[in-house]
Amino acid sequence: MILFELFWAFSKIGLFAFGGAYSFLPLIEAEVVQNHHWLGRPEFLEVLGIARIFPGAISIKFATYTGYKVAGVPGAIAANFGNLLPPVLFIVLATLVYSKYKDVPFVKGSLGMIQYAVFAMIIAVAIQLVDKSQIFKLKYLFVIAASFVLFVLTKLHRAFIIIGAGVLGAILR
């Protein structure tokens with residue numbers, strides 16, 4: 001039963017994971033923290049921090065972590081299968097439909113509007129990830145500004161920006 005619950009919870013995440021990693025963090029949190037209580041909120045945030053360090057899709061890392069925690073290797077497999085099946089089926093169907101109807105205004109308008117909803121959710125998740133009482137301290141403002149500038153204006157890999165912030169945090173404590 002727990003394997004099916006893991007599969008189903010991560011199938012819902014996979015089905016509605018539009019726009020990339022950070023847009024569906026609220027979906028993951030709703031399923032693993034609020035609905036099933038597999039992770040507490042502090043553990044969810046810790047796993048998110050760890051997941052951002054390693055390569056690969058965040059949903060796969062959450063499915064692996066949560067599934068393994070709840071039911072070992074079979075749980076990790078069930079959660080990942082649930083996470084991957086909907087997008088695979090959806091992209092096969094979308095490829096068929098998009099290649100035929102990509103220039104239809106309804107399709108263009110729908111996809112364009114989804115982009116702005118995802119943008120709003122990414123901002124909301126970013127705000128939830130930080131301690132708002134600390135955000136205006138000089139060292140945090142510096143890291144925010146430097147990371148933003150490096151991300152937007154350079155081709156520096158994101159991992160190096162994250163590692164650099166971690167090193168700076170270790171030095172400045």
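## Helix H3 against helix H4

A crossing of two helices is called left-handed if the near helix is turned anticlockwise from the far one by less than a right angle, and right-handed if clockwise. By that rule, H3 and H4 make a right-handed crossing. Helices here are DSSP runs of H or I with at least four residues, numbered from the N terminus. This is a predicted model, in which local features need pLDDT of at least 70, side-chain atom pairs count only at pLDDT 80 or more, and totals for chains, interfaces and linings use all residues. Residues are numbered from 1 along each chain as its sequence is written, and side-chain values use heavy atoms, with hydrogens and water left out.

H3 covers residues 41-53 and H4 covers residues 58-101; their axes come within 10 Å and cross at roughly 130 degrees. Axes are lines fitted to C-alpha atoms over the stretch in contact, with angles from 0 to 180 degrees between N-to-C directions. The pair is therefore oblique, the word for angles that are not under 35 degrees (roughly parallel), over 145 (roughly antiparallel) or 65 to 115 (roughly perpendicular). On the H3 side, Glu43, Phe44, Val47, Leu48, Ala51 and Arg52 meet Ile58, Lys61, Phe62, Tyr65 and Lys69 of H4, where contact means heavy atoms within 4.5 Å.

## Helix H1 against helix H4

H4 also packs with H1, at an angle of about 40 degrees and with the axes 7 Å apart. These two helices are therefore oblique as well, and H1 passes H4 in a right-handed crossing.

## Two residues with positive phi

His37 lies in the loop between H2 and H3 and has a positive phi of about 60 degrees although it is not a glycine. At 61% relative accessibility, His37 counts as exposed (over 50%, with buried under 20% and partly exposed in between, using a 1.4 Å probe and protein chains only).

Arg173, in the segment after helix H7 (158-172), is not a glycine either, and has a positive phi of about 35 degrees. Arg173 counts as exposed too, at 75% relative accessibility.
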